[in-house]
Amino acid sequence: MAADENKVKIHEVTKVSSFSDSTSPSILPLTYFDTFWFKFPPVERLFFYQISELNSGFFNSVVLPKLRHSLSLTLHHYFPLAGSLMWPEDAPRPAIYYFPNDGVSLTVAESDADFNFLSGNGFREAVKFHHLIPQLSISEDKAEVIALQITLLPNEGFSIGISCHHAVLDGKSSTMFMKSWAYLCKRLGEEENPLLPELIPCFDRTVIKDPEGLDVVYANHWLAFTGADLNPKTRSLKVTPKKLNSNLLRATFELTREDIKKLRDKVLSITSTFKKNEDRQSKELHLSTYVLTCAYVYVCLLKAKEEEEPNTSIAFGVAADCRSRSDPPIPVNYFGNCVAGHLTTAKASDLMDENGIAFVAEKLSDLIKEMRGKAIVVSEEEFVKVLRLMKEEGTKFLSLAGSNRFDVYGMDFGWGRPKKVEIVSIDGTGAFSMAESRDGGGGVEVGVVLEKQQMQRFAALFVDGLK
């Protein structure tokens with residue numbers, strides 16, 4: 001067992017397979033919802049579970065065997081997760097290929113990191129979380145779908161880290177998998193232990209209608225974006241690299257139900273003044289917790305960075321679960337990406353104005369209302385526009401990872417709910433993370449990763465804006 005610079009001992013790296021009698025390979029195609037995210041970096045989430053005085057003996061004899069056994073049971077339902085993403089030369093698009101005896105990579109480790117410090121809300125070095133997250137194996141011609149790591153933090157508890165390929169899973173699907181694993185683990189030993197119907201994944205790709213063949217269109221545009229189309233035989237599965245900075249800090253901020261109400265009242269007050277002063281037509285605003293949190297955090301982030309010129313183009317938008325927006329609706333337990341949305345741009349000065357929060361909230365509200373009552377399909381033109389914006393150095397993106405509707409704090413493996421859940425990958429993407437408050441009071445947790453001075457400014461802005 002060799003310790004790395006973070007004093008982590010890797011005990012083993014194994015493959016966990018499902019209890020399946022299948023002897024033939026399976027192929028699960030990607031849809032346009034999937035290939036839209038084809039080159040995005042993996043999403044990395046970390047769950048901290050506290051067990052006082054947890055020692056290696058109890059961990060190795062009770063905790064780890066239960067987690068491993070229930071994982072295998074879960075993969076019986078989620079078998080494509082044990083496969084690999086590949087793009088054979090004769091295939092029009094990438095797909096998940098699952099062969100008998102394939103398995104999910106599981107790393108078992110031990111760390112002397114401070115559990116209570118890492119699972120807190122205060123300023124913490126972002127790099128300290130990296131050793132608790134497994135690296136997803138992605139080569140030119142093959143990519144893992146997910147990878148898992150279980151890490152013992154002696155005397156305090158353990159963590160579960162999961163890395164997910166964004167072209168295969170959206171947030172709803174990855175959390176559904178984790179909920180299924182937790183459900184089966186907690187009930188091991190019971191005489192009957194079926195998975196709840198709402199947790200049994202639906203892999204039926206025929207429910208996604210794609211008459212324009214956008215699945216192939218998106219994939220090919222990604223190849224052109226990364227330069228892989230220069231060689232027709234090179235359909236690289238490599239994702240866009242994350243921009244990591246070793247000097248970043250991570251922190252969690254909370255918006256209570258009362259804070260959300262304050263923000264809503266503030267936005268309504270400002271917009272009503274706009275209407276009076278500018279004789280604007282009155283319109284109903286969609287001021288959900290999601291919209292208000294995004295608007296508030298986007299403005300605080302932009303002001304905290306203090307690096308944008310007034311005319312800098314800022315791109316931001318909303319993402320929506322399309323399962324209920326399609327006609328007919330897609331099953332709520334559909335497994336795969338089923339998220340799309342709209343993007344808008346504005347000048348940095350509009351966001352940093354004293355009424356910036358109301359400006360962003362109104363923009364986001366308009367985007368959401370545009371999506372009501374229809375399935376979301378990003379046209380080829382819109383997709384190319386997004387890729388072009390990603391390449392333009394003059395455009396800055398503000399984005400979100402996670403949701404306040406995933407119930408990430410409800411995942412009890414048998415030793416209680418998580419003490420803390422973090423989306424580790426935001427330190428390489430620049431997004432902020434959102435989750436429901438652990439206390440169930442209707443608030444939200446906001447995770448941000450910034451340089452030290454930026455974090456100090458953000459904290460001050462975040463607190464002062466709620467007074």
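Predicted model: local features only at pLDDT ≥ 70, side-chain atom pairs only at ≥ 80, totals over all residues.
**First stop: two helices.** Select residues 289–305, helix α7, together with residues 356–371, helix α9. Their axes lie 8 Å apart and the helices pack at an angle of about 135°. Since angles over 145 degrees would count as roughly antiparallel and 65 to 115 as roughly perpendicular, α7 is therefore oblique to α9. Turn the view and you will find that the crossing of α7 with α9 is right-handed.

Now show side chains. On the α7 side, pick Val291, Cys294, Ala295, Tyr296, Tyr298 and Val299. They meet Gly356, Ile357, Val360, Ala361, Leu364 and Ile368 of α9. What is the make-up of this contact: nonpolar, polar or charged? Eleven of its residues are nonpolar, one is polar and none is charged.

**Second stop: the sheet.** Colour the five strands in the order β7-β11-β18-β17-β15 and you have an open sheet with mixed pairing. Look at its edges, where β7 (124–125) and β15 (400–402) each have a single partner strand, so one side of each has no neighbour in the sheet.

Zoom in on β15 and strand β17 (residues 432–436), which run parallel and are joined over three bridges. Select Gly402 and its bridge partner in β17, Met434.

**Last stop: helices on the sheet.** Bring α7 back into view: it packs on the sheet, where it touches β11 (249–255), β15, β17 and β18 (444–450). The direction of α7 makes about 150° with that of β17.

Technical notes
Residues numbered from 1 in each chain as written. Heavy atoms only, no water. Axes fitted to C-alpha atoms, helices over the stretch in contact; angles between N-to-C directions. Helix = DSSP H or I, 4+ residues; strand = E, 2+ residues; numbered from the N terminus. Parallel < 35°, antiparallel > 145°, perpendicular 65-115°, else oblique. Left-handed = near helix turned anticlockwise from the far one by under 90°. Contact = heavy atoms within 4.5 Å. Nonpolar A, V, L, I, M, F, W, Y, C, P; charged D, E, K, R; others polar. Pairing = 2+ DSSP bridges.
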